[in-house]
Amino acid sequence: MENLIFSLNATVPVFLLMVLGYMFRRLGLIDDVFASKMNKFVFLVPLPALLFEDLATVDFAQVWNLKFVLFCFGITLLCILLAVLVSFLWQDKSIRGEFIQASYRSSAALLGIAFIQNIYGNAGMAPLMIIGSVPLYNIMAVVVLSVFSPERKKMDAEAWKSTLKGIVTNPIILGIAAGLLWSAFRLPLPSILEKTVSDIGAVATPLGLMAMGASFDLKKAFGKARPAVTASVMKLVLFAALFLPLAVWLGFRREELVAILVMLSSATTVSCYVMARNMGHEGVLTSSVVMLTTLFSAFTLTGWLYILRSLGLV
């Protein structure tokens, strides 16, 4: 019972904020435009500030873990390859690109930070998990959506240039890089600056989760049932079942293991839909997977966390 309460304390507050966001939209306090602007604001300002603060105020030598970063990169690549193989089960070739992207791409930054903060009080290993997985998420999203595009568009130089620019100028990546450099050079963080950055970063999690909940559309969740359910099961159950034992065997524990769990088994990120639509795909399958994984990850993440806690790993 103690382990179950621990797991619920870590996961339920995260999803209650999402439910609040959904309720606020239903009550007319938040509309689609406002929710979109909230998402953009959190991505551009509070989330990078939160990551910067957590990294800038600790010893770089204690934070950096090359083994962990390489593990996140390698496992992400394996998840993508598995999603590609499963995608050939569908005779409708036009949905393969969407299926692959929706199967592997997590809400790693927002949900990862939220869960680890709830458990440990800071972002923990989430920034290093983001370094290992998020750039690969973005690059491979362009590859699969281009290769499996219904319009058969080729990956031209402009598409690659835009993708690489997006990665280099990604505010979350910039916040992590600035924090690591600040820590590596042991630069002081004056109390006034630290308090200001801390206050800005404090709104990232609640505001971002409410914006995610406000963007939820229940009607879209069942748009393409079979491939959507398959992608959702892969995202929430299969990848974690395959690779969490490997992470444990390699010696990852506590914040590291929770960050890996979120990378493997959190909801599909909303940005998948935006990218799919912008690259000539219908987007119905993607939105269905986003909605289903967001809805059911409340239960699956609690279950995974309960198992890890019961085994004394987190």
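This is a predicted model: local features need pLDDT of at least 70, side-chain atom pairs count only at pLDDT 80 or more; totals for chains, interfaces and linings use all residues.
Two elements each give two or more residues to the patch: helix H1, which covers residues 2-26, and helix H16, which covers residues 284-310. The greatest contribution comes from H1, with four residues.

Leu16 has a relative accessible area of 48%. Because buried means under 20% and exposed means over 50%, Leu16 is classed as partly exposed.

## The chain as a whole

The chain contains 16 helices and zero strands. Of its 314 residues, 50% are buried.

Among contacts between residues at least 6 apart in sequence, 86% join residues that are at least 24 apart.

## The nonpolar cores

The largest nonpolar core of the chain has 81 residues. The residues with the most contacts inside this core are Phe68, Tyr104, Leu244, Leu257, Ile260, Met263 and Leu264. Helix H8, formed by residues 126-147, gives the most to the core, with 13 residues. There is also a second, separate core of six residues, and among them are Ile30, Met38, Ala211 and Ala214.

Which residues is Leu257 in contact with, leaving aside its neighbours within four places in sequence? The partners of Leu257 are Leu244, Ala247, Val248, Phe252, Leu308, Leu313 and Val314. One of these partners, Leu244, is also listed among the residues with the most contacts inside the largest core.

## Helix H10

Helix H10 runs through residues 171-184 and has 14 residues. What span should H10 have at 1.5 Å a residue? The expected span uses one less than the number of residues, so the 14 residues of H10 should span 20 Å. The end C-alpha atoms of H10 are 20 Å apart, which agrees with this expectation.

Several residues of H10 are buried, namely Pro171, Ile172, Ile173, Gly175, Ile176, Gly179, Leu180 and Ser183. H10 is followed by Arg186, which has a positive phi, near 55°.

Technical notes. Residues are numbered from 1 along each chain as its sequence is written. Side-chain values use heavy atoms; hydrogens and water are left out. Buried means under 20% relative accessible area, exposed over 50%, partly exposed in between (1.4 Å probe, protein chains only). Contact means heavy atoms within 4.5 Å. A nonpolar core is a set of buried Ala, Val, Leu, Ile, Met, Phe, Trp, Tyr and Cys residues joined through side-chain atoms within 4.5 Å.
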